[in-house]
Structures are given as structure tokens and as C-alpha cells.
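User: I am new to this structure. Please show me how to read its main features.

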Amino acid sequence: MKWSLPQIHPDRCTGCGRCVAVCPEHVLSLHSRHPFGIGDKKAVLDAPDVCTRCTLCVPACPFVAVSMQKIRLNG
Ligand code: SF4
Ligand code: SF4
């Protein structure tokens, strides 16, 4: 079974937060890769199972960092 989910390209993401703001399900957030939470933040899909795949986050990104990608579930 294939499923589309938003993928965030970390090299393109500037951490502007626009995708986080438009997500109706509040499943996107900004995270630092640093263990103490310092430095640049990137958008992360926190709860793929809650994401409704509405695609609103894709056009919200001015840096073309979000795209819907098919992933395979349950083989
Ligand atoms: S596809 Fe919709 S529900 Fe899923 S992360 Fe993007 S805006 Fe949120
Ligand atoms: S809108 Fe784009 S650049 Fe801004 S936080 Fe989301 S993915 Fe990153």
C-alpha cells in the first residue's frame, strides 16, 4: 500500500515556520538538530499517522522545501 506524505528537504528549509502555521492538524513543528535545541531549526513532520495529506504545507513553503512523496506502508 502506498501513501503520500509531506517530506521536508532539510537543505532547503530555512525554518521560516510557514508550513507549521498552515497545517490544520498541527503535526508540523520546528526542531533543532542540536541536542540542546540551539542553532538553526528545520520543519519536521511529528505525527505522520495524524497528517491528513491535505497538501496545504506544500504551496505554503516559499523555498520549495516541501513535497508529497509516496511511501510504502505494510509492505
Ligand atoms: S499535508 Fe496537511 S495535515 Fe499533513 S502536514 Fe501538510 S498541512 Fe499538515
Ligand atoms: S515553509 Fe518551508 S522553509 Fe519554512 S519551515 Fe516550512 S519547510 Fe521550512
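Analyst: From the N terminus on, the elements run β-α-β-β-α-β. Helices (H or I, at least four residues) and strands (E, at least two) are DSSP runs, numbered from the N terminus. The radius of gyration, taken over C-alpha atoms, is 12 Å, close to the 11 Å that the globule rule gives for 75 residues, so the protein is as compact as a globular protein of that length. That rule is 2.2 Å times the number of residues to the power 0.38.

This is a predicted model: local features need pLDDT of at least 70, side-chain atom pairs count only at pLDDT 80 or more, and totals for chains, interfaces and linings use all residues. Residues are numbered from 1 along each chain as its sequence is written, while chains are lettered from A and ligands numbered from 1 in the order in which they are written.

User: Why is His9 called partly exposed?

Analyst: A residue is buried if 20 or more other C-beta atoms, placed from the backbone, lie within 10 Å of its own, exposed if 12 or fewer, and partly exposed in between. His9 is partly exposed because 14 other C-beta atoms lie within 10 Å. His9 sits in the loop between β1 (2-8) and α1 (18-22).

User: Which residues come nearest to ligand 2?

Analyst: A residue is near a molecule if its C-beta atom, placed from the backbone, lies within 6 Å of it. Around ligand 2 there are 14 residues, with Cys13, Cys16, Cys19, Ala43 and Cys61 nearest. Ligand 1 is also surrounded by 14 residues, the closest being Cys23, Cys51, Cys54, Leu56 and Cys57.
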